[in-house]
Amino acid sequence: MLASLFGWAFLVPLLPALAFIVIGLFGPRLRRLEYGGWIAVGAAFVSMVLAVLIALGEMASPDTYTSLSYTWLSLPANPTFPYGFSLVIGTLVDPLSSLMLIVVTVVGFLVLLYSIGYMHHEHGLPRYYAELSLFLTAMIGLVLSNNLLEFFLFWELVGVCSYFLIGFFYEKPSAASAAKEAFLITRIGDILFLLGIFIFFYVYASDGPAGLHWASSGFLFAYGNVPFLAGSLGANTPLLTIAGLCILAGAAGKSAQFPLHVWLPDAMEGPTTVSALIHAATMVAAGVYLLAMTSIFLGFTPTDQLAIVAIGGFTTLFAATMAVVNTDIKRVIAYSTISQLGYMVLAVGAGFAMVGLYHLFTHAFFKALLFLAAGSVIHAIGTQDLFKMGGLKRHLRVTGAAFAIGGLALAGIPPFAGFWSKDDILSSVYSVTGSHPDYWPFLLMAMAAVFLTGYYIFRVWFLTFSGDRTRDPTLPTPHEGPWVMQVPLIILSGFAIGAGLLIFIPGFANLFLLPGGVTALGIPPTYGTTDILLSALGVALGGGGILTAWALWGNGRIFRLPEESVWNSARTVLVNRYYFKVAYDAVGARAVYSVARAADFVDQFVIDGTVRGIEQLFSRISDRMRRIQSGVVSDYAAYVVGGLLAVFVLLLLAGPYLVNRIGGG
Amino acid sequence: MTTLPVGDFLALASGLVAISIFGILTRRNFILLLIALEIGMNAAILSFVYFAAFPQCVTAATCHPLTGQAIAVVVIGLAATEVAVGLAIVLALHRIRGTTNVAEANSLHL
């Protein structure tokens, strides 16, 4: 019965789009509706209800793939595409997209509700709610898209909305610069992503089930209940490897993986709610979603898989090390996001796309919870500097509890959500290290990161909430936010506790089915002996991290490294983010800018110089020639005499010839 | 009719033309410039008169002695007219600029 809703799936992105238009046009006049805030919340709520109903329908009748398309461009056969070429726009309701729909709409609704309270005192609210609604539209559209090109279209739109929202406080130069940086870096990924799409289009110009060809059907992901290109991959052809690497580049840009990770910490210049929605739960998850979609519907070659595992595993540890020393509450959580995305990428690369998405599902909730709790702290106390906070758990009970729950989920402590998914990733990757021994270093990096994760998140908790440090007296007395801020925190805490356990409900696990009704590897997690040992190791590492944090930072202690120790220089490197930004600036600002300046020089002095030189030449000639007209009569007489003399000379020279010609004597 | 060598006459005429050109180019006083101009015209008239006295018979017109004389009379009249106009210009220039220096009249907008 609910399956009949699948045809109406296009309403889910349409409602926030309408909210965008309404708020954009009438926002400034709606002071009583929080300048359009409640409109956005309403649209998000209806979208959420519809999305949950669709997901419930998908759970009830699993393995139903409903794809509706509208062909908007159709070209006849030509040499590159032997069966024609069409472009479609449409929706695909399948287990994967339903799962993502839940994530996007639930977190989107809660964040919008929270924004009503958090952003109450800001300026430019209509712009904020309109842009958030547009973002929600784009993200839902991305999740529901049924072909690769439409996916890319919404991918770009999401990036644009991210630019708008990071630069929301555009009068601040750092915010404008951060928005530009985010857009440019994700753009690098996007261009490579587009290149990858083109390579795939070219390679599979005529592939597909008998009679149906990928290109002429519009590059759809699924045909019925099976991927369009089932079983075509596995061969390690160079072209497909390059295409896969390009897709990885696109995902790395959007999900802030190494080496395109530098934009995410700077993106914290945007409002905290934006960070919660975009840079924790949804947009950055789009990169992982892309990798999962490609791995399921198109496929990666073994070289690509190794590359993905390498990037994911490395980034996990890399980002965690930088989170350990940061002093800004939001930036620690940002690095944590990069690190957790590394886990997801690691899982997808190892061939466990659904396990990675399971972690994406739980991560969305507890990361959004952490960000919103941090936002509550910032709203209460007015600063983001960890060393200006302390002892807030007396004043902010709900926030403190929420942050603790999110932290426990992040660190992977059972029974909180993060434990189940992170553990599933680690044991899944471990299970294939036998056949892929080159995955070992990255698995070890991921496990080391578990310890650092527990440490850094509880360092934040202890610095913020415990102890009795005297705070900056000029800051206001902290108090909890209004109900619109506390309710999302409570709801998300519930998800952070229970989301992981949902996988064990068979109905819910239907959302993790692969095409054709195949159960995905690792879903639900199984617990053999090695798995239990690995889980215990993971919990021990996480708990060890938490205890270390308590030992160094709990109860008001502040841990300072001795000035001359080697750890201090290591710490400096970490604080400076491994000098990545400096390096990128050197490459970009110096190298590329020098090329630009050289080109500008050529343009100005060579090309323009030639033009100006010609102008000067004519100008000087005419200047000289103008002096003939001196106005002095004698000069004119002289010219006449000169002409006369010339005529005489000519006649002298040409005389005999002329006489001969004219004749006579 | 005596026959004077052509060379002598032409030398005289050339000398007068040279004097005239020199005068046109270097005289600052407008009236002296007109005098120099007049000398030049007289040189031309002299040439016409000579060739009327010693006609070079190439065509029928040049054999007739009156051709040169007619041209000489016309040119004398022409010279007189031209000098009249020149003197009028000098008077006008003097009225406006207060000078007869040729170099002073170097602009169309006096």
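**Notebook: chain B**

I first looked up burial: 16% of the 110 residues of chain B count as buried (20 or more other C-beta atoms, placed from the backbone, within 10 Å of the residue's own). I note that this is a predicted model, in which local features need pLDDT of at least 70 and side-chain atom pairs pLDDT 80 or more, while totals for chains, interfaces and linings use all residues. Residues are numbered from 1 along each chain as its sequence is written, and chains are lettered from A in the order in which they are written.

I then looked up the secondary structure and found 4 helices and 0 strands in chain B (DSSP runs, H or I of at least four residues for helices, E of at least two for strands). The pattern along the sequence is α-α-α-α.

For overall dimensions, I recorded a box of roughly 50 × 25 × 20 Å along the principal axes for the C-alpha atoms of chain B.

Next I turned to a helix pair. The axes of H2 (residues 30-53) and H4 (residues 65-97) of chain B come within 8 Å and cross at roughly 175 degrees (lines fitted to C-alpha atoms over the stretch in contact, with angles from 0 to 180 degrees between N-to-C directions). H2(B) is therefore roughly antiparallel to H4(B) (an angle over 145 degrees).

Last, I looked up the neighbouring chain. In chain B, 9 residues are in contact with 10 residues of chain A (C-beta atoms, placed from the backbone, within 7 Å).

How values were computed
A residue is buried if 20 or more other C-beta atoms lie within 10 Å of its own, exposed if 12 or fewer, and partly exposed in between; C-beta atoms are placed from the backbone. Angles under 35 degrees count as roughly parallel, over 145 as roughly antiparallel, 65 to 115 as roughly perpendicular and the rest as oblique. Two residues are in contact if their C-beta atoms, placed from the backbone, lie within 7 Å.
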